[in-house]
Amino acid sequence: MDTITIRPGRSAGTINRNIYGHFSEHLGRCIYNGMYVGEDSPIPNVNGMRTDVVDALKRIRVPVLRWPGGCFADEYHWRDGIGPKSARKRMVNTHWGGVVEDNSFGTHEFMELCRQIGCEPYVNGNVGSGTVREMSEWVEYLNSDGDSTVVMERWANGRKEAYGVKYWGVGNENWGCGGNMRPEYYADLFRRFQTYCRDYGDNKLTRIACGPNGGDYNWTDTLMKQAGRYMDALTLHHYTVPGDWRDKGWATEADEERYYLTLKKADAMDGIIAGHLSVMDKYDPDHRVGLIVDEWGCWHNVERGTVPGFLYQQNTMRDAVVAALTLNIFNRHCDRVVMANLAQTVNVLQAVILTDGADMLLTPTYHVFDMYKAHQDASEAGCGVYCGRLPNGLERISASASVKDGVITLTAANLSMTEASDARVSIEDKRPASASARIMAGGINDCNTFDVKAAVEPVRLDVSVDNAGTIALTLPPCSVASLTIHV
Ligand code: AHR
């Protein structure tokens, strides 16, 4: 029998809602067709944004959306995407599929998308091929109320009030697609660029520096040493690649070995976060600088028969379990991880939504975000797990818990491919008055398709509370559950 003890008295802090953030890049069918279809599309839309997709994103309470990339950010020139659409510059998206980018989705459209979803915009500026002036004027265009030519341009483009963007990324993956820089060089550029990203009015920018790739601790060390005092947050990118970059494996064809390899690689997030935090501690002992994991998720082989540069992949229970495991890790690190952004929202990598023309489906990963949304802004509660181990050495059960308004939420995944878990849940120093639960379970390759859209989705799970206050539940193999406990 497995046991989970929730310890509300041992909290790492408040779980920042932004841990449940998403990422949308001009890549494949993420923005175009996936989220934006244009005002004249027969697909139902409001100001060009797909109504079905926006409604689905509102339901999971997306708190923050990162845009325009990714690698695309460092070749994006924001002025190409404002003004009359017919006059907007056309460019070739050299990173992603070599398709023509007509810039019909630009700054105003992104802000409109965020308004409709009800989330904060996180804009990632261009360091790789952009100028300081360009970035500085983008911030001014978005946030200033001053009587300047740049602001008057915004007025002319139909927006009077400043947008008040809070989250500002200074470059993306500048160690790679964002300019192949050395950390020393980027640290200097970061210091320079961020100087001209001004605060306007009451709006205080969160200046976000490009952080490391996975376990590159030297990048973090150099950057923190040379530029730590100029930043509010540092990013981290860590993808779960269930193989090597040449053969990552197919999204829907995992066998037992690949499944456990996937989980092991996803679980590495915990140690990587801890490693970077300990480096950051050397230069920031007061923990002023937050860690933002602004790209994470499973990266499989591109689906057969699709455009290789579009990074389209199906999404299965294996991805859902990875999402559950990773979000539990973020929750437990909520004292330092202030934001995370799953890559990427629609039709790209570990998407929460897939579209096919006018059709749309919710992936198993979407349902995980739905089951976990009660953690947003809640107080994290310690979670003691006692359970068996998997063939890859990981604990069979991954869990995290939080408390908000007197209600405890426990999220738990049974990572085993074959064995059910009979779990007993108790709360330290408290007795539950009632408990209800939802569970999503399936085979590791089970997914939703346009023929069967609800093959995998959460259902109600029966739980019982005994006289001693212990909650009993059974977690089937490869499952994700959320418990709502009233005390
Ligand atoms: O998410 C796809 C790509 O992965 C992003 O553009 C880049 O930042 C990362 O390498």
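Tyr20 counts as buried because its relative accessibility is 1%, where buried means under 20% relative accessible area, exposed over 50% and partly exposed in between, with a 1.4 Å probe and protein chains only. Phe369 is likewise buried, at a relative accessible area of 2%. This is a predicted model, in which local features need pLDDT of at least 70 and side-chain atom pairs count only at pLDDT 80 or more, while totals for chains, interfaces and linings use all residues. Residues are numbered from 1 along each chain as its sequence is written, and side-chain values use heavy atoms, with hydrogens and water left out.

**Aromatic pairs**

- The structure holds 19 aromatic pairs, counted for rings of Phe, Tyr and Trp (its six-membered ring) whose centres lie within 6.5 Å, with planes under 30 degrees apart taken as stacked, over 60 as edge-to-face and the rest as tilted.
- Among them, Tyr20 and Phe369 form an edge-to-face pair, at 6.1 Å centre to centre and 85° between the planes.
- Tyr186 and Trp219 form a stacked pair, with 5.7 Å centre to centre and 25° between the planes, and both residues are buried.

**Aromatic cluster**

- One aromatic cluster is formed by Tyr32, Tyr36, Trp67, Phe72, Tyr76, Trp78, Phe105, Phe110, Trp138, Tyr141 and Trp168.

**Charges over rings**

- The charged end of Arg66 sits over the ring of Phe23, 4.5 Å from its centre, the criterion being NZ of Lys or CZ of Arg within 6 Å of the ring centre and within 35 degrees of the ring normal.
- Arg304 lies over the face of Trp250, at 3.8 Å from the ring centre.
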